[in-house]
Amino acid sequence: MTTDIALQAADAVFMAEQTVGRARRVVDELHTTINSALLVLDDAELDSARARFSDRGDYYLEAAGEHLDRLQTRCEDAKHLIHGVYGHLDLAVQALAALGDLLSAADGLDFAVVADLADLRPRIAVVSEMVILGKPVARAAVRHVESARAAARQATPASLLEPVTLERSIATAGKELGRADEDVRLLENVVDHAAANARQSAGIASDITDNARRRMAEQGRAQVPRQASPAVGSPAR
């Protein structure tokens with residue numbers, strides 16, 4: 001029973017480490033997508049400015065509108081990625097909750113197991129704190145990305161005939177996308193910290209697994225009955 005709890009706790013740590021690691025990889029994709037969206041917005045702003053000072057104003061207004069269409073696509077991609085990060089963080093919360101239950105159940109059990117699991121507590125506490133913090137940051141990023149997409153959507157063909165309306169859409173989208181970029185940078189730092197501690201926790205969990213299996217092997221050997229010795233004074237054949 002004692003070794004089973006140790007092995008289950010180690011499995012929960014590995015699960016948390018894997019889900020946080022997946023969240024970290026998705027954050028990398030998200031960061032790239034937000035940067036791409038900001039570059040698209042720069043192109044839209046440049047073409048909008050060109051429309052004011054060029055005899056090809058209609059051409060540049062149309063180009064700015066196309067950039068804003070691309071911006072909507074980037075924002076939609078970013079929203080899906082943020083939802084992906086949130087989903088992985090949610091799975092990490094479940095794994096950490098299960099681990100917390102196991103750590104509580106381990107209190108008062110075999111001293112060696114309790115000592116092994118005690119090393120996990122401070123690191124897991126940090127992982128849990130970071131994961132919980134990451135979820136509202138992800139929600140804020142979704143809100144700002146949605147606002148940027150809504151602003152870009154306002155650049156309809158009719159509004160392209162009004163440079164002021166177009167510039168207002170670009171400015172609003174830029175402000176919201178800038179906020180989303182700040183959210184993603186914070187999310188990146190939070191998930192980085194969680195992932196680093198999760199990796200260290202996984203290393204401790206590997207040691208716990210090794211110790212638990214060693215104790216199981218020792219218990220198994222202790223339970224093997226000794227081979228019966230030949231009876232003394234048995235008649236010779």
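The model is predicted, so local features need pLDDT of at least 70 and side-chain atom pairs count only at pLDDT 80 or more, while totals for chains, interfaces and linings use all residues. Residues are numbered from 1 along each chain as its sequence is written, and side-chain values use heavy atoms, with hydrogens and water left out. The protein has five helices and zero strands; both are DSSP runs, numbered from the N terminus, where a helix (H or I) takes at least four residues and a strand (E) at least two.

**Overall build**

- From the N terminus on, the order of elements is α-α-α-α-α.
- Of the 237 residues in the protein, 43% are buried. Buried means under 20% relative accessible area, exposed means over 50%, and partly exposed lies in between (1.4 Å probe, protein chains only).
- The protein exposes about 12900 Å², and carbon and sulfur atoms supply 53% of this area. Accessible areas come from the Shrake-Rupley method with a 1.4 Å probe; for residues, only the protein chains shown count as cover.
- A contact means heavy atoms within 4.5 Å. Among contacts between residues at least 6 apart in sequence, 88% join residues at least 24 apart.

**Residues in helix α1**

- D4 lies in helix α1, which covers residues 2-53. D4 has a relative accessible area of 35%, so it is partly exposed.
- The C-alpha atoms of D4 and R213 are separated by 9.6 Å, although the two residues are 209 residues apart along the chain.
- S48 is also placed in helix α1. S48 counts as buried because its relative accessible area is 3%.
- Leaving aside neighbours within four places in sequence, S48 is in contact with A64, L166, E167 and I170.

**Salt bridges**

- A salt bridge is a side-chain nitrogen of Lys or Arg within 4 Å of a carboxyl oxygen of Asp or Glu. By this rule the count is eleven.
- The side chains of E167 and R52 form a salt bridge, with 2.5 Å from N to O. This pair links distant parts of the chain: E167 is in helix α5 (residues 163-223) and R52 is in helix α1, 115 residues apart.
- E167 is partly exposed at 27% relative accessible area, and R52 is partly exposed at 47%.
- D28 and R24 also meet in a salt bridge, again with 2.5 Å from N to O. Both lie in helix α1, four residues apart, which is about one turn of the helix.
- D28 is partly exposed at 37% relative accessibility, whereas R24 is buried at 16%.
- R185 forms a salt bridge with D181, and their closest N and O atoms are 3.1 Å apart. Both residues lie in helix α5, four residues apart, about one turn of the helix.
- R185 is partly exposed at 41% relative accessibility, whereas D181 is buried at 10%.
- Salt bridges that share partners join R24, D28, E188 and D192 into one network.

**A patch of negative charge**

- D58, E62, E66 and D69 gather in a patch of negative charge on the surface.
- Patches are made of residues with over 30% relative accessible area and no salt bridge; like charges are joined within 9 Å, and nonpolar side chains (Val, Leu, Ile, Met, Phe, Trp, Tyr) within 5 Å.
- Asp and Glu count as negative and Lys and Arg as positive, while His and the chain ends are not counted. The place of a charge is taken as NZ of Lys, CZ of Arg, CG of Asp or CD of Glu.
- D58 is in helix α2, residues 57-106. D58 counts as exposed because its relative accessible area is 65%.
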